[in-house]
Amino acid sequence: MVDALAEIWMDGGLVPWAEAQVHVLTHTLHYGLGAFEGIRAYQRADGRSAVFRLREHVDRLFDSCKLALMSVPFTREELCAACVTVLQHNQLEAGYLRPLAFVGDGAMGIYADNPTRVAVVAWRWGSYLGKEALANGIRAKISSFARHHVNVSLAKGKLVGQYTNSILAKREAKLGGYDEAIMLDTQGYVSEGTGENIFVVRKGALVTPPLASSILAGITRDTIMTLARVEGIPVLEERITRDQLWLADECFFTGTAAEVTPVRECDHRAIGDGRPGPITKRLQERYFDVVRGRDTSHPEWLTFYS
């Protein structure tokens, strides 16, 4: 559950949490055209707080809107400032940010030239899949729902309506007793989780599906690939088959919400020895050191607000 805070930024200014409402005829509510981001802010080892890779997330929001032919009525700088303002006014030392661009009410029907509205919400959010998942890994299953085809949907857009597919895959997995689903693309290759990118480790190398496939260009994905190269771990972007996943030495998810979550089992097959592997733990530790301040090697990724 999301605990109510004091204020939400909406259409250019702060409004009380309970008053941040929209009309039932909001176009995005009916037809699903909208774009959003998930961003984390962390309290660091020195007591200061910083948003992690804020500009990259806002840039991707604008990219998603461009793909969806949505005109954003604010600049990138204004939305970056809105994210910081929301955190400060709600006195959050750490938290999760959700910028959302959506088509407002007015005309109905598939085509409607209604204005784009923008909101930025912040709330307290711990580990997406739980602290136990970060420590010991999760159980996943290959979903019967395929990831969107690149000629059917906009795979590089973080678009509202496209997540129906992920919701169905996640519900299927949870009803089956699993923690998360892994989605294949329409050609049968491993794509991503319901809201995470995926990596496997094979013979000491880190492997992840290429950007040319039907995956979201994850910012945490990029962070992990950057850190892996610094650590001297070979990084390969290539297709992964289902059986290669089952036979992998290690596997983990990445995402703003999921952070770096090990996968210990897939389809009743243990990944490696069924525990988070050494490269997974090494990269997970390095990631948390960077976002929480014990590692100060990437100041360009940080936007301080306290």
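Reply: In this predicted model, the largest pocket is lined by 42 residues, and those nearest its centre are Phe36, Tyr96, Arg98, Lys158 and Tyr163. Its volume is about 1000 Å³. Sorted by class, the lining comprises 21 nonpolar, 14 polar and 7 charged residues.

Several elements build this lining. At least two residues each come from strand S1 (7-10), helix H1 (27-31), H2, S6, S7, helix H5 (163-175), helix H6 (219-230) and strand S14 (250-255). H5 provides the largest share, with 5 residues.

The largest nonpolar core contains 31 residues, and Trp9, Val51, Leu54, Leu79, Leu87 and Leu97 have the most contacts inside it. Strand S4 (39-43), helix H2 (54-67), helix H3 (76-89), strand S6 (95-103) and strand S7 (116-123) each give this core at least two residues. The greatest contribution to the core is that of H3, at 7 residues.

Val51 makes contact with Ile39, Arg40, Ala41, Leu87, Leu97, Trp301, Leu302, Thr303 and Tyr305, when residues up to four places away in sequence are not counted.

Helix H3 consists of 14 residues, and the distance from its first C-alpha to its last is 20 Å, close to the 20 Å expected at 1.5 Å a residue. Its buried residues are Leu79, Cys80, Ala82, Cys83, Val84, Val86 and Leu87. After H3 comes Gln91, which has a positive phi near 55°.

For comparison, the second largest pocket holds about 360 Å³ of space. Its lining is made up of 16 residues, with Leu33, Ala68, Leu69, Val103 and Ala112 nearest its centre. By class, that lining has 11 nonpolar, 4 polar and 1 charged.

Key. Residues are numbered from 1 along each chain as its sequence is written. This is a predicted model: local features need pLDDT of at least 70, side-chain atom pairs count only at pLDDT 80 or more; totals for chains, interfaces and linings use all residues. Side-chain values use heavy atoms; hydrogens and water are left out. A nonpolar core is a set of buried Ala, Val, Leu, Ile, Met, Phe, Trp, Tyr and Cys residues joined through side-chain atoms within 4.5 Å. Buried means under 20% relative accessible area, exposed over 50%, partly exposed in between (1.4 Å probe, protein chains only). Helices (H or I, at least four residues) and strands (E, at least two) are DSSP runs, numbered from the N terminus. Contact means heavy atoms within 4.5 Å. On a 1 Å grid over the protein atoms alone, a cavity is a set of points where a 1.4 Å probe fits but cannot get out, and a pocket is an open set with protein on both sides within 12 Å along at least five of seven lines; lining residues have an atom within 4 Å of a point. Grid points are joined across faces, edges and corners, and a volume is the space filled by probe spheres set on the points. Ala, Val, Leu, Ile, Met, Phe, Trp, Tyr, Cys and Pro count as nonpolar, Asp, Glu, Lys and Arg as charged, and the others, Gly among them, as polar. The expected span of a helix is 1.5 Å times one less than its number of residues.
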